[in-house]
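Please read the points below alongside the sequence and the coordinates.

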Amino acid sequence: MADQTQMNILALETSCDDTAVAIVADGRQVLSSVIHTQTDLHTRYGGVVPEVAARDHLQAVSTTLEQALRQANLSLDQVDAFAATLGPGLIGSLLIGANTAKTLALMTSKPFLGVHHLYAHVASNYLESDLKPPFLCLLVSGGHTQLIRVSDYNQMAIIGETLDDAVGEAYDKVARLLKLPYPGGPHLDKLAQTGNGSTYKLPRAQTEKPLDFSFSGLKTAVLRVTEREGETLNPADLAASFQKTVVETLGEKTLRAWRDLPGEQKTLAVAGGVSANSGLRQFFQAQAAQHSAMRLYLPDLRFCTDNAAMVAASAYFNPITQDPGVEVFSRTVSINTAS
Ligand code: KG4
Ligand code: ZN
């Protein structure tokens, strides 16, 4: 029997190329989290093909849903609300998750909760943890690179962001240059761990606003090194040099924003696919060991890249609405931007 006092949210995440379903109690306790990944399907194209992604979601969604219920040992009537990512993402893919969750909500007369994908990444830090706002969040994914001040569950302000490529995108592009398989980020991270990061000097972009980022120049600099070095190129050293530059840039700007936070104990969280990066995790872990005022939260590795548990957490802590419809969608796609 389910605990009657807890709120079980079943969430779907289908914004890109993973069909994910999870059930989370009270926004923190993960009862199940299942991910059907499409990586093999897209590898041959070197990236996500939207039409292929949508068709695979359609095929995988029911079995993934069944697995999530089985893993949690719950039936549909023990679920208190249904949630799904409404955006941003590939529309054909989003539709599968959103319509499945809305249909389940209608069938069972339970609420439907829409979720913003970026809020969900921030909320990945609430899973299996005691994190509470206020905190600073460095959000690093395939589509976004942002420093966000989270003053309350529903109050977030972007205080710095990339002016061009997202850091995950830069990882994927550099990985392609080094002929690593798709998805490039994790492969590049692995290769970087075997190289010497001081071999190649790579530029650090200056931005007008100190908390903004820029990675497109770095990507071009990596291309120039590959052209210049030709056969003599050491790919592991280049991967390590790239990773060192990215980690130090992200780290330095994040520390600057962290120091500006009010209070004595200041909390820092990292989120998004790139928060799985070994170099970035080590950097912040070392900082937390040095600064006793720093409380650091890094998501468990299974909650860094896209998953549905973070969507359920976000639905619990910052539900967009309890009423499905078009209105909902238009209201989901804005995170306050600090002036
Ligand atoms: O959050 P996510 O799963 O999807 C988006 O919302 O974009 O992030 C995916 C991104 C990809 O660019 C992927 O290459 C990158 O995160 N990524 C990594 C690592 N694991 C995933 N980048 C660097 N190192 C990693 N270990
Ligand atoms: Zn994501």
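Helices (H or I, at least four residues) and strands (E, at least two) are DSSP runs, numbered from the N terminus. The model is a predicted one, in which local features need pLDDT of at least 70, side-chain atom pairs count only at pLDDT 80 or more, and totals for chains, interfaces and linings use all residues. Residues are numbered from 1 along each chain as its sequence is written, chains are lettered from A and ligands numbered from 1 in the order in which they are written, and side-chain values use heavy atoms, with hydrogens and water left out.

1. Loop between helix 2 and strand 4. N73 lies in this loop and, although not a glycine, has a positive phi of about 60 degrees. The residue is exposed, at a relative accessible area of 68%; here buried means under 20% relative accessible area, exposed over 50%, and partly exposed in between (1.4 Å probe, protein chains only).

2. K179 is not a glycine, yet its phi is positive at about 60 degrees; the residue is exposed, with a relative accessible area of 75%. Y182 and P183 are joined by a cis peptide bond with omega of about -5 degrees.

3. P88 is placed in the loop between strand 4 and helix 3.

4. Strand 2 and its partners. Strands are taken to pair if DSSP finds at least two bridges between them. Strand 1 (residues 8–13) pairs with strand 2 (residues 18–25) in the antiparallel sense over 6 bridges, with A22 of strand 2 as the bridge partner of A11. These two strands form a hairpin with 4 residues between them. Strand 2 also pairs with strand 3 (residues 29–37), again antiparallel, over 8 bridges; V30 in strand 3 is the bridge partner of V24. This second hairpin has 3 residues between its strands, and D26 in the turn has a positive phi of about 50 degrees.

5. Helix 3 (residues 91–108). Its 18 residues reach 25 Å from first C-alpha to last, close to the expected 26 Å, a span defined as 1.5 Å times one less than the number of residues. The buried positions are S93, L94, I96, G97, A98, T100, A101, L104 and A105. Their cover includes strand 1, helix 2 (50–72), strand 4 (81–87) and strand 5 (112–116), where contact means heavy atoms within 4.5 Å. S109 follows the helix, with a positive phi near 55 degrees.

6. The zinc site. Which protein atoms are the donors of the zinc ion (ligand 2)? They are H117 (NE2), H121 (NE2) and D306 (OD), at 2.0 to 2.1 Å, and their spacing in sequence is H-x3-H-x184-D. H121, in helix 4 (residues 117–123), and D306, in the loop between strand 10 (294–297) and helix 10 (309–317), are 185 residues apart, a pair that links distant parts of the chain. Both H121 and D306 are buried. Donors are N, O and S atoms within 2.8 Å of the metal (3.2 Å for Na, K and Ca); water is not among the atoms, so the site may look incomplete.
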